[in-house]
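Let's sit down with this one and read a few of its features together.

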Amino acid sequence: MIVYSYAEDTGELVGQMQARILPKRENLPDEDARKWQIPANATRLQPPIAGVGQVAVYGAGAWTTQIDKRGETWWTATGEEKVVDFIGDPAAQGLLSEKPEIAPTNEDVNAERDRRIALGFTFEGRSYQWNESAITSAATGATVAIGNGVQAGDLRWHGGDSDFYWTDEDNSDVPMDAPTVQALHAAMRAHQQKLHAAARALKSMPGGIPGMPTDDSYWT
């Protein structure tokens, strides 16, 4: 007798096998269930033929065909990506087969603004990392030095015994006098203020924020 095995946890069809005849029951007719040793998680009932995207599942004494989307990527209503790991219709669990168009929020704009600020800024043809506290501290020292009479071109305005420099993104040490440090700080602030202004304009657009705030056109 052919029996059909199914997974203990999901009930899905695993395969088929030949049942063994129990000792001393060889003379019973084949249709008599007492003749056969049926393994656990197996049944004599023949499963239905599952179509594409389906699986045969045994439960409550019967076979059914169920939707099987395991391994596919679906999405939540909020746009979170989910890989289906269960038998059944993902839509019945509130999942979507296509990524939904999620209207960006003010928080999305703020996050993109802060990301762009953190990318750094350019000054006198060089790129510098965003380091608000360090640059502000250096600029404050430069202002004090200028107030104490330090002249432009003095690279030791900071009171040390070596020239003052600032390291750019290419890891090059750029010598800077006090006025140049003030200008570096001003460039950093201008970079920040430009992006804050762009974010405010984006959030105040009539009808809501159009598209995704990652579009470069919103920030130039």
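**Reading a helix, a sheet and some rings**

Q: Which residues of H1 are buried?
A: Buried means under 20% relative accessible area with a 1.4 Å probe and protein chains only, exposed means over 50%, and partly exposed is in between. In H1, the buried residues are Val109, Glu112, Arg113, Arg116 and Ile117. They sit on the same side of H1, because they cover an arc of only 140 degrees around the axis (the arc is that of the directions from the helix axis to the C-beta atoms). On the other side of H1, Glu107 and Ala118 are exposed.

Q: Before we go on, what kind of model is this?
A: A predicted model: local features need pLDDT of at least 70, side-chain atom pairs count only at pLDDT 80 or more, and totals for chains, interfaces and linings use all residues. Residues are numbered from 1 along each chain as its sequence is written, and side-chain values use heavy atoms, with hydrogens and water left out.

Q: What do the buried residues of H1 pack against?
A: Contact means heavy atoms within 4.5 Å. Here the buried residues of H1 pack against helix H3 (178–203).

Q: How many residues does H1 have, and how far does it reach?
A: Helices (H or I, at least four residues) and strands (E, at least two) are DSSP runs, numbered from the N terminus. The expected span of a helix is 1.5 Å times one less than its number of residues. H1 covers residues 106–118, so to speak 13 residues, and its first and last C-alpha atoms are 18 Å apart, close to the 18 Å expected. Just after H1, glycine 120 has a positive phi of about 100 degrees.

Q: On to the sheet: what is the order of its strands?
A: Strands of a sheet pair through backbone hydrogen bonds, either parallel or antiparallel. The cut-off for a pair is at least two bridges found by DSSP. This open sheet has three strands in the order S2-S1-S5, paired antiparallel. S2 (13–18) and S5 (42–43) are at the edges with a single partner strand each, so one side of each has no neighbour in the sheet.

Q: How many bridges join S1 to its partners?
A: Five bridges join S1 to S2, with isoleucine 2 opposite glutamine 18. S1 (residues 2–6) and S5 pair over two bridges, and tyrosine 4 has threonine 43 as its bridge partner there. S1 and S2 form a hairpin with six residues between them, and glycine 11 in the turn has a positive phi of about 80 degrees. Four of the five residues of S1 are buried.

Q: How many aromatic pairs are there?
A: Rings of Phe, Tyr and Trp (its six-membered ring) pair if their centres lie within 6.5 Å; planes under 30 degrees apart are stacked, over 60 edge-to-face and the rest tilted. A search of the whole structure finds seven aromatic pairs. Phenylalanine 164 and tryptophan 166 have ring centres 6.2 Å apart and planes at 35 degrees, so the pair is tilted. Phenylalanine 164 is buried at 15% relative accessibility, and tryptophan 166 is buried at 16%. Ring pairs also link Tyr6, Tyr58 and Trp63 into a cluster.
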